[in-house]
Structure formats: C-alpha cells, structure tokens
Amino acid sequence: MKSKKKRRQDDFQKVKLKVGKKKPRADNATNTNFRTRGICLPDQLKRDTSGPTTHRQLGINELLSQLHHYSANVKHSALLGLKELLSLSPSLLEQHLSRLLSEVAAVLTDKDGNVRVAATRVLRFVAQSVPAERVAPFFPLLSAHLSCAMTHIEPGIQEDAMNVLDIFLEHYPSLLASRPTVLLTNFLELISHRQSSGRARKAQDTRGQTWTLSVHPDRSVTSQQWRLSVLLRLGNFLQAVVEERPTEEGDVSVRTEGVFGSSGKGRLTPLNLNWEELIYRKIDVKVYENSGANPTPHSTFKLRPDVDPGGVGSEGLDSAETVQRFAGTLVPLLLEVWVEACAGDCSWNSTEGAHLLTPDAMSVMFQVLSILQLLRKLPTHRENQDALDTWFRKEYLGDFKQHFMKNFPYGLRDTPKHKKKVDLKRSKQTAAVPAPTVEPLALNITLCQVMVSLSQKQGLGHEADGDWLLPLRTFVRDTLGNGVKLSYRLLHMLLGTVWKMVLTQRSRAVTEELLAAVYVYYKQKNLLLQTRSLLLSFYSKLYLQEQGHAHITRSKVLCRWLASLPVQLSQLGHRNPALSAQLIHSIQAAASRGNKDLLNSLQTYSCRLYDPQDGVVVLLPAESQQRMVQLLYFLPKMPQPLLANLSGCCTAGRISAGLAASLIRILHFRSSLSGWLVGSQEAALQDVDYISFLFSTLAGFSSEHLSALQEDETALLPSSLSPLCLYQTPLEQFTHHWDIVEEVCHSLETIGSKSQCFDILQNGIFKYLMKLEVVPDSMAAGLLRAVSRLLDLSTLPVEQVLRFLAQCCLSLLVLLVIVQQHAPTETNHKREAIWSSCVTALSSVPRLLRIVLQSMHVGDLSAEELPQLGQILSMLLQHTPLHNQLLANAVLLQELIQNLTRYFRGATREQWLTDLLYCYSVTVAHGSSAHRGSMGLRDMY
C-alpha cells in the first residue's frame, strides 16, 4: 500500500514543459472559434426631419420619449432640449400641449434635483406662452402632480414644488383657486403632521384632528425659514381664492381695484342702455341671466365627486362651517409658528425692547396676520362672514390679545450683520426661499385690521371692547395725522379699520376722532388719483350710513368735508375727469338728502361751476354734465347771474340739446309758474328772472355776442328784396338752437295764458331785438316759431313788432332761394326749419302776409333779384295752407305779378316766370269761387 505522501504526489503531478515543444491542450479548454454575420438597418440611423429639431438634431417626440429614460442625465438634457425647441418653434406648444404637460409634470417628483429644476423652467416657459383657457382642460392633471410633489417624503421635492406653485399662482391663479380643498390640506402637511399616539388622542379637543408642527433635519434651510416660505405661498393662494370669488356690493372690507367699496372682479355689472338708440334699432340688446353683460352658464355636472381630505370640508369654502373646520386646524399652528419665532428672540427680550422684532420674526408675524385676514374673506355671503367673525372672537380673542396685543405697536430691531464664509456648493443646492421685507407700519396696520374685525357692536348685552381697542385707535389716529403718505394698499386697510371701528363702537366721540384724523390725511396736497378716489369713496359711503347710525348723523367732520366739495370741484375742473365725476357723485348724494352745509357751499360756487366758458358743466364728459344739470334741482336759490350762465350754457352748444332741454325743464319745475312744488320746497327763482332766462335762451345769443355780430363782415348784406342783414349760423349750431326753441316754446305755453306770454315776448322783441342791424338766421327763425305758437287770435301784435317779423320772414325766404340756387339738390334740417317757421307764421299771424307782400317793391329790384322774388311767390302759391291768406290778398298779389311781368325785360319768358304764372292761375282759379264771400277772412289777413 502506498503511503499518503506518495498518493498526494500522484494526484498533483507537475507537467514539465520543454523548450521548443508546443504546450499541450488543457482538458477543460473552451473552443472560441465562431463565425458572425452583419445585419444592416439603414432606417434606424435616419433623423426625423419632418419638424423642428434642436442643435442635437432631436425632435419633440424623441425628447418627450427620453423623459422616461432611467438616466437622470438623459432626462435633464431632454428637458433642456425641450426648452430650446419650444423657444425656436412656439407653434409646437399648440400641437403637443397635452403630451408636453403630462410628460413634464410627471418628472416633478424625480429623485434628481437637476431634473426637477429643468422641469420647473420648462413649465415656467409654457405658462408664459399659453393662456389659462388652453391649459384649463389639463390642469387637473397638473394639480395632481403638484399635490404629489407637495406631499412627497423627500424634502428636496417639497422645496421644488413650492417653485412650481409660484408659477401657477403667477399665471393661473383662477385655475388654482378652483381646487382649494386638496391644496389647503397639502399646505398643512408641509409644516405639520397628525398626532397618532395615544397621548395625542387624549389631548384631542372638539375642533377635530390634532396637528402639531413637524421638524425635518434633512432640509437645506432652517425650520423657521421653511415655515415662512410655506406661509407665504399659503397667503398667496388664499388671496387668489378670495379674488376669484364674487363679493357682495357694499363690502367695504374687500380691497378692490377701483375706489373704496366699489364693484370689482366677480361682481355683476349693470347693462347700460340708450333707449333712443334702441328704439331706432341702432343697437341690439341681449338680455342674460342676472342682468349681466355676458351670459353666466351654470352647470351641475362634476367631473368626479369631491372627497374629504381630512382638513377641509368637501363642499368647498363657501360656508362658515367649512372655513371654521379648516381654521380650527390652521390657527393653532399659526400661533405655534409665531411663538416659536418669538422664542428665537428671547435673548433680546426685555421690558424696554419687547416690542422690537427681528426681520425674520416680523416676516413670520406678518404672514400669520395676513392669513388670518384672508380666512375671514373666504365666505362669499355677509351672513357667513359675520358668523365666522363671531366664531373667531369666541375661540381665539384671548389668544390673539395675549400673543399679538401684548407689545403693540411693533418696531424693527437693528441686528448686527456678521460676514460668513459662503459655501458655494451648498448654496447651489439650497432651495430659493423668499425673504420679503416687511415694514413695521404694514405689520401694525394688518394687526389693527385683524383685531378690529373681532370687535362687536356696542350695546345692551355686549361686553365693551374699549380696553384693548384703545391702543389700536390711538395708532390709527397717529398714523393718519402725522403727515406721512401711505401706499394705496396700506391706506385701504387703514380706512377699512376706521370703517369697522366707527360702525361697531357707536360713539360720537370716537367717530369724530377717527374722521378728523382721516380728514387731516385728506387735506394733504399732491395725493395720487387712486388715493384721492379712495378717500372720497370712503367719506361718501360713510355719509350714506348716516340714517341708520345716530352717532354719524350731523357729524362735524362730515359736514366740513361736504362743504369743501363744491370748491374742490371748481378748482379741479376738467384736469381729472374721473375724480371730478366722483366729486359730483358725492355732491349729488348729499344734495338729495338736503344737507344744508353742502347746499350753501354749492350755492356760493354755482356761478363758477356753471360758467358757459370755463365751468365744469361744459368741460366734463356727457355723463358728468348730466349729473351737474340734475344738481340744479336741489339749489335753494337761483340768482340772475346764475341764470345768465345757464342760458349761455344752453345756447353756446357746449352741452347737448337734450341736456339743455332737461335744464330748461328743471328750471321750469323750480319756478312758481309751474305750480309743481313738493312739500315745503320754495321756488328757487323769481318769475321775472325765469321769463328773462327763457327769452335769452330763445334769442340764442348773449348781448355781448350780438354786439360783436353787428361788426361781422360775413353776414348777408341787406338789399331791396331782403330788408335785414342776416348772419348765417352753421348747421350744427342752428340745429342745436332749433331744438332748444321747441323746449322754450313748450315751457312758455304751460306757464299761463298765451296772451300774457305773447305780450311779454313782443315787449322783449321791441325793446332788445328791433334795434339790431345784423340778425342771426337762427334767431329770426326761432322768433317766428315762438310767435306762431304763442299768438292767440284774440291778441294782435303791435305794428312795430309785426313789421320786424315781416322783415325777418322776407329775409329768410330770400336766404332760402339763394341757398337753393347754390345747392339745389342738398336738403338739410336747416332749410326745412326755416321754411316751416316762415309758412307757419304767415298762416297764423294776422296781417303778416300782407305786410310781407307790401314790402316787395318790384320797381326797386335789380335784374338778379326779380327771379328770386318770382321763386318766393311760386313757393308761397304752392303751399296749400297759405291759399286762404293769399286769396284774401289777391289784389295785392295780382299787382305784384303784373309788375314782375312788366319789369322783366327778357327777350323770351324764362322758366321761373312761366311757373309763377301757372301757380297763380291755378291758385286763384281754384279758390276764387269758394272764398269769394269771405269778407271777414279778407279783413283779418
């Protein structure tokens, strides 16, 4: 038997290799011999050239497909390529918007930070290029991905989700505000978590699930900075929700774009109609539901049922109960955040400097107060807001006084800044945290607004709030009275605080104190238009609350403000029409209530306001002019200078004819001649002054203007046929004056007997107008119109006035013939009005036609004037209503025609003479037999 050593040597024998011999093949060697064949795929190497590509020759389909790659570098380069491609070809957004949004939103929760940043940049570019209407169908998907990112377990993904939320808040606030329930719970989970231990369940109160602040040590920022960042976004989101919801008219606590308490976004706008244009079908009117200018579709269909996420009710934020449930969870967390921020300043706190805050603590407190204020505005109805304020007062008034009012007002502490070495690598990884700078004034005003909203109306059964409201009232008074100009936002908040204090305190002393402070600010010079409008709206709306609140009635400050409005309006003029319109609106509201201080001031400055040259009534737009005319109804007295200015406003053409007619009617109602007085209202003007106003308006020109016309060289010179020198007024001025003449005649017809009115009218003509050498054609036509309407058959005009009217009539007829020769085919309102006034006067005024015919001296006419006279007679003969008067003067008419035939020296008979003879033969032959025995008619005419 072999030994163990020998057996071991037999198993592991060493192979001896010899030089020059081939190495023997091993028993376990692998055969590596194989043959291959190549496969050629030429189509795989082709690039997509059907659309735009990047510099790497990649199209949008390839880039979107690369977003599913496992490599972070590939996804990052694909996102960079997408931004490059969309910048070069914006049309791709419209073609691939659905897929683009879904693919990019899916990588918002990617584990690589560079991919998330690149995706955020692409979303920002899309949001800047695509409107909200195009994104709305895809926004539920975007909102779902945003919610996933906000509630992700990784802190970095949560921080990048805040940047995406900023994009949506900036570009799509309405879409984001339409989904408040889920996002509000996400905000809670960003800074807190639900307590699930047994001890927490015992501490659970009636408000619902107990939440506590969470601390995450892996964040790139401190817990306080992270909470401040989340609270800032939460405030912006609540602001978007509030702005997109309709608010009730008169809600003075809502900040609007226009003036204090005016209608803003979401409110129903009235549809203004011009009934005159509607009658003549110049405009089409579409009436929709709720009287809005646009249809408001209401649909009960919902894409999916709402589910209760735990923190917010499923029915939305319209009711007070839903907001209470959410506020019951959020407000304790906000108080904890503020207490934690104050705890960081404990080394600085002392009895002397406890009211001084560091910038970080001030920012935290401002965001907490802003969120509290926005929570109050979430309910859409006033009843729900009042119920929410009552609940806030019951639950948190003690906490607010302890944490917020203890060191009010707050100031800013100057902290030394230490230079630290900046770690560039860490700063690149750190998420951008907004660090808004908050002014102490803005913080204190916001605190005033929050605390005053918790006050209740003073009365029986209510606890007085004077102890903790006193420092707030002192701060408001000092802020408004120190002469520092505030921004529009801060002033709006401060005036809302004053409004709430005045209506809840119900104290005349407090009201006078606060209104005096506002009036000090109101009297500052060089205020912006928006600021001045805000103050005017505040005072105006507060004055409208006078009837229901005894402590506001007859306020000295309000009376002083009202008395200053007319002088402000006269000084402002047309330099700012919007502000002037607001002043007029406030004046009209006070005048309608009979405020004596305003009416006396309006009476004092009435002549300046209604000046026909520089007054606001002729310089402002039409709507303001109408309000100024309506103010005349409330004036206590209307002296002669004011009536002279009003007459000039009517005749100067600076206001419309319809508005001038309204002015005349208002003066008619305020005179004793109308017999229409309301209650104890006295006549504002004397009868003599009113008649003088009507006569001046009927004339159409002031005495100064008439004097200037006497030297005008463009007037139509008198001739043997035209006894007067006529001044031809422009067509627009003539039409305007003709409409006013109709209204004046209507007023004269309704004040009493026509005979008395006619006596007054002919006395005015005899005293003021007969001495004129140059007479405007509009005045002559207006006088003939007025005389024909006011003349009674029992009254005959005096001879001098009758001859003046005959001269006006004959001169106007000559003017018509001349105008027809120059423009035979043109017809306008002026020619029709002149012809109507002449024939109406000739047919109604006794002996006027006879004097006109007697004034036609054929022997004194020139060769050019003979055809004109023939045309005038032909026109009169063709007018049927004048046949009776012409037959009564047939002898005189026959003599005129014979003289025309005798003095015309033409070789052949012209057409005008043939027409005249034909008209005369027809008229005389037709009417001689019928009216041969009318001796009374012949004597009259």
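Asparagine 186 counts as buried because its relative accessibility is 6%, where buried means under 20% relative accessible area, exposed means over 50% and partly exposed lies in between (1.4 Å probe, protein chains only). This residue is found in helix α11 (residues 180-191), helices (H or I, at least four residues) and strands (E, at least two) being DSSP runs numbered from the N terminus. Leaving aside its neighbours within four places in sequence, asparagine 186 is in contact with Ser147, Met150 and Thr151, contact meaning heavy atoms within 4.5 Å.

The structure is a predicted model, in which local features need pLDDT of at least 70 and side-chain atom pairs count only at pLDDT 80 or more, while totals for chains, interfaces and linings use all residues. Residues are numbered from 1 along each chain as its sequence is written, and side-chain values use heavy atoms, with hydrogens and water left out.

**Overall make-up**

- The secondary structure of the protein comes to 44 helices and six strands, and of its 941 residues 47% count as buried.
- Among the contacts in the protein with a separation of 6 or more, 73% are accounted for by residues 24 or more positions apart.

- Helix α13 (residues 223-243) has 21 residues and reaches 30 Å from its first C-alpha to its last, close to the 30 Å expected at 1.5 Å a residue, the expected span being 1.5 Å times one less than the number of residues.
- Helix α13 is also mostly covered, since 15 of its 21 residues are buried.
- Helix α16, with 18 residues, reaches 26 Å between its first and last C-alpha, close to the 26 Å expected at 1.5 Å a residue.
- Because 16 of the 18 residues of α16 are buried, this helix is largely enclosed by the rest of the structure.
- Two packed helices are described by the angle between their axes and the distance between the axes.
- The axes of helix α16 (residues 359-376) and helix α19 (residues 440-452) come within 9 Å and cross at roughly 35°, where axes are lines fitted to C-alpha atoms, for helices over the stretch in contact, and angles run from 0 to 180 degrees between N-to-C directions.
- The crossing in which α16 passes α19 is left-handed, a term used if the near helix is turned anticlockwise from the far one by less than a right angle, with right-handed used if clockwise.
- On the α16 side the contact is made by Met362, Met365, Phe366, Leu369, Ser370, Leu372 and Gln373, and on the α19 side by Pro440, Ala442, Leu443, Thr446, Leu447, Gln449 and Val450.
- By class, the contact of α16 with α19 has 10 nonpolar, four polar and no charged residues, with Ala, Val, Leu, Ile, Met, Phe, Trp, Tyr, Cys and Pro counted as nonpolar, Asp, Glu, Lys and Arg as charged, and the others, Gly among them, as polar.

**Cysteines**

- A search of the whole structure finds zero disulfides, a disulfide being a pair of cysteine sulfur atoms within 2.5 Å.
- Cysteine 448 counts as buried because its relative accessibility is 0%, and cysteine 725 counts as buried at 8% relative accessibility.

**Two aspartates**

- Aspartate 110 has its place in the loop between α5 (97-106) and α6 (113-129), and with a relative accessible area of 10% this residue is buried.
- Not counting residues up to four places away in sequence, aspartate 110 touches Lys75, Val115, Arg116 and Ile157.
- Although aspartate 110 and isoleucine 157 are 47 residues apart along the chain, their C-alpha atoms are separated by 7.8 Å.
- Aspartate 739 lies in helix α34 (residues 731-750) and is partly exposed, with a relative accessible area of 36%.
- The C-alpha atoms of aspartate 739 and glycine 782, which are 43 residues apart along the chain, are separated by 9.8 Å.

**Backbone geometry**

- Most residues other than glycine have a negative phi, and most peptide bonds are trans.
- Phenylalanine 408 and proline 409 are joined by a cis peptide bond with omega of about -5°, and proline 409 is found in the loop between α17 (382-403) and β4 (411-412).
- Asparagine 526, in the loop between α22 (508-522) and α23 (529-544), has a positive phi near 60° and counts as exposed at 70% relative accessibility.
- Arginine 847, in the loop between α38 (829-844) and α39 (848-854), has a positive phi near 65° and counts as partly exposed at 33% relative accessibility.
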